[in-house]
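Hello,

Please read them against the coordinates.

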Amino acid sequence: ANRDQVDVTVGVQGPSIAGVKTSVDLLYEHVVTDDGDDEEGRRLAQANPPGLGTVNLLTSRLTLEASRTKGGRRPYSGTEAILQLDYTHDLDADQLRYGRYAVELRQYIPFGIFPNSRRLVLRGHLEQVEPLFEGTAVPFFQQPQLGGQNILRGFTSGRFQAGGALAGSAEYRYPIWSNLDA
């Protein structure tokens, strides 16, 4: 499958009040997806998933981030919570109207005998997307995914994809360089 995409985002970030940051974004996506000329493309064309072809999506997004951590750029103790709520609709048709919510929690735990730069991070991620307001579908490329560099790192990006995603992880982090952790 081939996909060409152009994104334009405009956002406003509110002041941080008691450790809670708020942002509101408006995202326009012009996506052209075709089935390609390979075997995978032929299977995609036969399945004819929502979003195949050209779509123009407009998304309004509210993000709330709460942080009670110690350590600045490299937190070593405390909790972070991120809540993201989206509403998206296709500007050209009524079929693609859907909502997305995502919640991520991170708990930073220092190792008592090591310096604070070495810590354990427990992460939980929940994401769900579903049609809203008489919409009937969600584009196949907008389904929640597991895999890649952020969630479920041991698999390629988009390895697992469905209407919802739930992931948990425990990470031992330590500094390699001033701006790089492992």
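Asp 86 is buried, because its relative accessibility is 9% and the cut-off for buried is under 20%. This is a predicted model, so please treat the contacts below as computed from that prediction.

Two arginines meet the side chain of Asp 86. Arg 61 forms a salt bridge with Asp 86, at 2.9 Å from N to O. That pair links distant parts of the chain, since Arg 61 belongs to strand β3 (residues 53–70) and Asp 86 to strand β4 (residues 77–90), 25 residues apart. Arg 61 itself is partly exposed, at a relative accessible area of 24%.

Arg 100 is the other partner, and its salt bridge with Asp 86 has an N to O distance of 4.0 Å. Arg 100 lies in strand β5 (residues 97–110) and Asp 86 in β4, so this pair ties together parts that are 14 residues apart in sequence. With a relative accessibility of 11%, Arg 100 counts as buried.

A further salt bridge joins Arg 106 and Glu 104, whose closest N and O atoms are 3.0 Å apart. Salt bridges with shared partners connect this pair to Glu 80, Arg 123, Glu 171 and Arg 173 in one network. Glu 104 is buried, at 10% relative accessibility, while Arg 106 is partly exposed, at a relative accessible area of 21%. The count of salt bridges comes to nine.

Where does negative charge gather on the surface? Asp 4, Asp 34, Asp 37, Asp 38 and Glu 40 form a patch there. One of these residues, Asp 37, sits in the loop between β2 (20–34) and α1 (39–47). Asp 37 is exposed, because its relative accessibility is 76% and exposed means over 50%. For the chain, the mean positions of the 18 positive and 22 negative charges lie 15 Å apart.

As for the overall fold, the chain has one helix and 11 strands, in the order β-β-α-β-β-β-β-β-β-β-β-β along the sequence. Its C-alpha atoms fill a box of roughly 60 × 40 × 25 Å along the principal axes. Of the 182 residues, 27% count as buried. The accessible surface is about 11100 Å², and carbon and sulfur atoms account for 55% of that area. Among contacts between residues at least 6 apart in sequence, 57% join residues at least 24 apart.

Regards

Conventions. Residues are numbered from 1 along each chain as its sequence is written. This is a predicted model: local features need pLDDT of at least 70, side-chain atom pairs count only at pLDDT 80 or more; totals for chains, interfaces and linings use all residues. Side-chain values use heavy atoms; hydrogens and water are left out. Patches are made of residues with over 30% relative accessible area and no salt bridge: like charges are joined within 9 Å, nonpolar side chains (Val, Leu, Ile, Met, Phe, Trp, Tyr) within 5 Å. Accessible areas come from the Shrake-Rupley method with a 1.4 Å probe; for residues, only the protein chains shown count as cover. Lys and Arg count as positive and Asp and Glu as negative; His and the chain ends are not counted. The place of a charge is taken as NZ of Lys, CZ of Arg, CG of Asp or CD of Glu. Helices (H or I, at least four residues) and strands (E, at least two) are DSSP runs, numbered from the N terminus. Buried means under 20% relative accessible area, exposed over 50%, partly exposed in between (1.4 Å probe, protein chains only). Contact means heavy atoms within 4.5 Å.
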